[in-house]
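Please open the model in a viewer and keep the selection panel at hand.

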Amino acid sequence: MIRYKPSEVVDFIVIGSGAAGGVVAKELSTAGFSVVVLEQGPYIKEKDFNHDEFGVGFQHDISNNPKLQPNTFRTNASEAATLGQRYNYGRLVGGGSVHFTANYWRFHPDDFRERSVFGDVPGSSFSDWPVTYDELEPYYTKAEWELGISGLAGSNPFDGPRSRPYPLPPLPVKSSGVLFERATKKLGLHPFPAPMAVLSQPYLGRGACVHCGWCETFGCEMRAKSSTLASVIPMAEKTGRCEIRSGCYVRRIQSNAAGRVTGAVYFDSRRREVFQKSRAVVLSANGVESAKLLLMSASKRFPNGLANSSGMVGKNFMWDLGGLVSGLFDHPLNEYKSVQVSRVIHDYYAADPKRGFYGGAGIDARFDWFPITFGLDGLPPDAPKWGADYKKMLGNYFTHTFSTLSHNTSLSVETNMVDLDPSVKDSWGLPAPRLTFQLHPDDVKNAEWVQKRQVEILEAAGATKIWTYPLDDVGISTHLMGTMRMGNDPARSVVNRFNRAHDIPNLFIVDGSSLVTSGRQQPTATIQALAYRAAEAAAEAAKKGEL
Amino acid sequence: MTRRELLLSALSAATLSDIASAQQHAQSAKESDAAFRYLATADAREIEALAAQIIPSDGTPGAKEAGCIHFIDRALETFDREKREIYRTGLAAAQKKRAELFPQSQTLAGLESSQAIELIRGIEQTEFFKLLRTHTIMGFLATPAWGGNQGMVGWAHIGLEHKMAFQPPFGYYDGAAK
């Protein structure tokens, strides 16, 4: 791999190597540009991954560690924010694309014009996107074919038109999928095989999934999960123009008096400060980390933080909303085997004014419990917590349970936001992000309504016991969306329709932060389609000498 | 590289190191009580007696056979050092309760099972017991490399077969659908 000197002015710095950063790095380096990718986490690969639930799930082996990088949280600005982990991201080369569940559906055409279709929602900043599904379609297709997505084109009647089928057939159906499919058909719904960023067959030199079952929160030892680490980052490195510099925690994007960015200051793995120069910067650190970095990069010319003349940096933070409902079945399901999800419905995806609120959901059949999490929280709330009866139930339920997970809308609300905590610092002395988030009343109504649909499905599936979980605790968000929203109006948005900062021509912000609405969660496909499109725009601008 | 070669290389990379580490730990844990790194042996046996009521050894291995106490010892020596005080005060309170409820008893480990259950009912809402429950379950179900789940008895109990690869059908219903 090529090594650039920090004093060398490279064409692009890409901050973050996840779902978006990995794609951008590959696109720009194959287009002929010199690229340095600055990644907070380590550069570890499939040989380093394992099935260690305690290490990965509880010791933060490949995700942000709140002991080192704390955050604070409050529900509104008049409340004092308190410590406690509220956001999660993959902290390694490949970012969240390494540890995600790998659900990989496209947003629907109406997602991009939903404000016009549905109408205004009081108390929200609900808006149309400045791009359409048709404009993004070629980039969705490119992502699916370059990264490797398994699925069945045409099986979801609510999907938008597509120019090509999926490159790979769906993964095998699981017992949960069979029961879910049977039940939803009985209810007149339209189940379809889950589109997954996991290879059902060998593809582009990578092996197929062997159904070990350790996908969600884990890295894939087989390179079968289509993370950027397994797919596009090796292509970027092969160009000889892209350096993946891991263990580099960016503390400031440097800008000059002319209002352009000039590079990034980071702590290297030994916590020494380094300044890497560049002609342009692509910020792909995720909806919280990117907002934090822009706010930390204030200067005389940009006193409120970079790219923040609108005051919108960090605002409109949308959460990973959804609810789990579990059911017990007579025969063994052995859901711990294979990918977490094999069947999905989008029947309740579209918002319907007749329900009396804005909202919708995708629902999937899944088992995203692993032994420890199931032992701690997987049994029904009324189950014994210890003793012989607890032990007996644990032994029976682990192999006989599956859950439905809803992926719910999170309305954009301007006062839901990320800013810098005035007093709490991380282990590097940088301000901790302060998250302010409160559910919109329609989010609450939607969650209650969707939960009833999930119970109906499990009833129709023949569950002998069904149990739900409380909906009022929003928990830890793993989809970090909306904080640097995309728009045509520089007074109301941070980036333009090509993810280019309105205020700074040589700064692109490409991650979940640019999403205008939350879709029905599962934003990775859309983030990556936007990344392909933004990289193309950045390359064109660079070729024209604009950067 | 064929799929089989890929599988084998992944096996040698991931699970063999897991197994080696687990065997080492299990071996050192079995050798003697000196395997405790933080807990005094007497305290370890008392805590273990409570853990054994959370996941009892009733015909099949429980917390005791899984070596959950070694997971707890390791936790308090390393990643949960800041929770030592909860154990110290929690264990002292449990001993006090034991002396009140069963004045003839000498130790928690010496209680009859029914006595231990009665005692735990009185402390199950405490921070100490909730933490002990969390640690015991973690120890029972984490990879053996962390000190517990020795011989993978925790995974055997829940019906998890730990393999690098499976073939469909995975369960009853997808098998019946074929």
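Two strands are said to pair if DSSP finds at least two bridges between them. Helices (H or I, at least four residues) and strands (E, at least two) are DSSP runs, numbered from the N terminus. This is a predicted model, in which local features need pLDDT of at least 70 and side-chain atom pairs count only at pLDDT 80 or more, whereas totals for chains, interfaces and linings use all residues. Residues are numbered from 1 along each chain as its sequence is written, and chains are lettered from A and ligands numbered from 1 in the order in which they are written.

**Strand β9 of chain A**

Select residues 273-283 of chain A, which form β9(A). Strand β8 (residues 261-267) of chain A pairs with β9(A) in the antiparallel sense over five bridges; here Gly263(A) stands opposite Lys277(A). Five residues lie between the strands of this hairpin, and Arg271(A) takes a positive phi near 65°.

Ile13(A) has Val281(A) as its bridge partner.

**The four-stranded sheet**

Turn to the open sheet of chain A with the order β4-β3-β15-β14 and mixed pairing. Its edge strands, β4 (82-83) and β14 (417-425), each pair on one side only. Strands β3 (residues 72-74) and β15 (residues 431-436) of chain A run parallel and are joined by three bridges, with Phe73(A) opposite Leu435(A).

**The contact between the chains**

Display both chains. Which numbers of residues do chain A and chain B bring to the contact? Chain A gives 44 residues and chain B 42 residues, two residues being in contact if their C-beta atoms, placed from the backbone, lie within 7 Å. On the side of chain A that touches chain B, α2 (53-58), α6 (175-186), α9 (371-378) and α10 (388-400) each supply at least two residues. The largest share, six residues, comes from α10(A).

**Confidence**

Finally, colour by pLDDT, the predictor's confidence in each residue, from 0 to 100. The model scores ipTM 0.96 and pTM 0.95. Chain B has a mean pLDDT of 86, and 80% of its residues reach 70 or more. Select residues 1-23 of chain B: pLDDT stays under 50 there. Where pLDDT is low, the predicted coordinates should not be read in detail.
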